[in-house]
Amino acid sequence: MSSTRWPLRAALASAACGALYGAAAAQTAPPLETLLREAAAPRLIVGEAETRAAEGRAQQARARPNPILGLQVENVGGDGPYRDFQSAETTLSVGQTLELGGKRGARVATARAEVDTARSRAGLGRVAFAHDLVEAYAAAEAAGERLSVAKDSVDLAEADARAARLLVDNGKEAELRALQARAAVSAAQAELARAEAEQGAALARLAALTGGDRTFTAVTPGVLDQAWRASGSVAQAPTVAVAEAEQQVAARKLDLERRRAAPDVTVNFGLRRLAGDDATAAVAGVSLPLPLFDRNRGAVRSAQADADAARARLAMAQADAVADRRSAEGEAKAADRAASAAREGEAAAREAYRLARLGYEAGKLPLIELLSARRDLVAARQRNIEARLARAKASADLAQANGQIAFGDAP
């Protein structure tokens with residue numbers, strides 16, 4: 001008997017642990033400001049890793065060429081007096097390549113410009129991630145409110161159906177009105193199922209964007225009700241910052257390629273042991289490549305073309321940034337006005353439904369008027385949600401155009 005209890009107890013314990021783990025993993029999403037500060041999304045990790053890689057290349061660019069240690073033995077393994085090592089000449093030398101024409105300085109400057117570019121791209125990635133996170137959070141909050149509206153719509157439809165059934169039973173309405181009311185309940189229940197699926201999808205997208213193994217069941221409300229405004233002075237657009245950094249890299253690479261045309265000098269110094277004379281002598285030498293065939297002209301032409309393209313991309317980025325900022329400002333103002341109008345429309349629709357309900361229960365209004373007022377109320381609440389969601393998205397667009405983060409600290 002006892003042998004069968006242990007597997008049962010183990011199964012119950014495992015189920016309890018699984019339930020506790022599921023409850024711990026599923027949670028309400030922290031406030032948006034907290035996610036903006038603490039999110040460890042793969043997109044952010046990529047930017048940080050690329051910056052570290054550029055810093056490593058900049059460190060390597062400062063390194064000078066390594067010296068060359070050479071050992072050479074001559075006059076051995078021959079005939080006559082050179083049969084053995086008695087007449088050997090052994091030379092131990094050290095050679096050092098000297099970079100001329102400012103190559104090292106140009107290489108270091110290019111690497112530093114690439115670090116600045118990597119940092120600018122990481123900043124662009126942070127701003128773009130914040131933009132997507134704000135939109136995802138606002139969409140999840142809007143999906144939750146749509147679900148709440150759908151639940152309220154079912155409750156209102158059922159209340160209307162009960163009122164219609166009461167009037168039908170009292171002989172004040174035809175049976176058709178009760179059937180119409182029940183059909184409205186079924187439609188509201190179908191809308192509720194769709195709203196539940198949309199909320200689950202929105203929360204899943206938010207969790208995937210933030211990274212980790214968390215599962216969100218809801219979000220902390222408040223984003224849709226905030227009217228974000230640009231704080232402080234408008235920063236440079238991240239796309240312009242990246243384009244400027246890339247233009248600097250292209251200019252540095254052009255200078256580096258021009259300097260590479262100058263040949264490098266290799267200086268050698270060593271000691272030579274003359275076994276036949278039992279003497280030691282110093283040796284020194286200088287080697288210089290002759291630039292007869294390779295003068296790096298192709299690389300210079302390529303770097304020049306890259307520099308021209310980088311300047312053109314910078315001009316394009318500046319023009320696009322101005323247009324995007326103006327467009328985002330206009331859309332933000334329009335979305336703010338639309339949200340205010342939608343809020344007033346919901347209040348009016350709510351009052352109209354209240355009056356229609358009172359009139360129907362008093363027998364002064366037909367059921368069709370009550371159903372129409374309820375549909376108008378649900379539609380007004382949906383419009384209010386959509387208008388507030390559009391305002392949050394417009395705020396995210398404006399913040400991205402300004403190089404800032406909506407509803408969070410500046411990057």
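Reply: Gln 382 is found in helix α8, residues 367-401; helices are DSSP runs of H or I with at least four residues, strands are runs of E with at least two, and both are numbered from the N terminus. This is a predicted model, in which local features need pLDDT of at least 70, side-chain atom pairs count only at pLDDT 80 or more, and totals for chains, interfaces and linings use all residues. Residues are numbered from 1 along each chain as its sequence is written, and side-chain values use heavy atoms, with hydrogens and water left out.

Me: Is Gln 382 buried or exposed?

Reply: Buried means under 20% relative accessible area, exposed over 50%, and partly exposed in between (1.4 Å probe, protein chains only). Gln 382 has 17%, so it is buried.

Me: Which residues does Gln 382 touch, not counting those up to four places away in sequence?

Reply: Contact means heavy atoms within 4.5 Å. Gln 382 touches Arg 146 and Val 149.

Me: How many residues has the largest nonpolar core?

Reply: A nonpolar core is a set of buried Ala, Val, Leu, Ile, Met, Phe, Trp, Tyr and Cys residues joined through side-chain atoms within 4.5 Å. The largest has 42 residues, and Val 219 and Phe 407 are among those with the most contacts inside it. Helix α4 gives the most to this core, eleven residues.

Me: Where is Leu 92, and how exposed is Leu 92?

Reply: Leu 92 lies in strand β3. Its relative accessible area is 48%, so Leu 92 is partly exposed.
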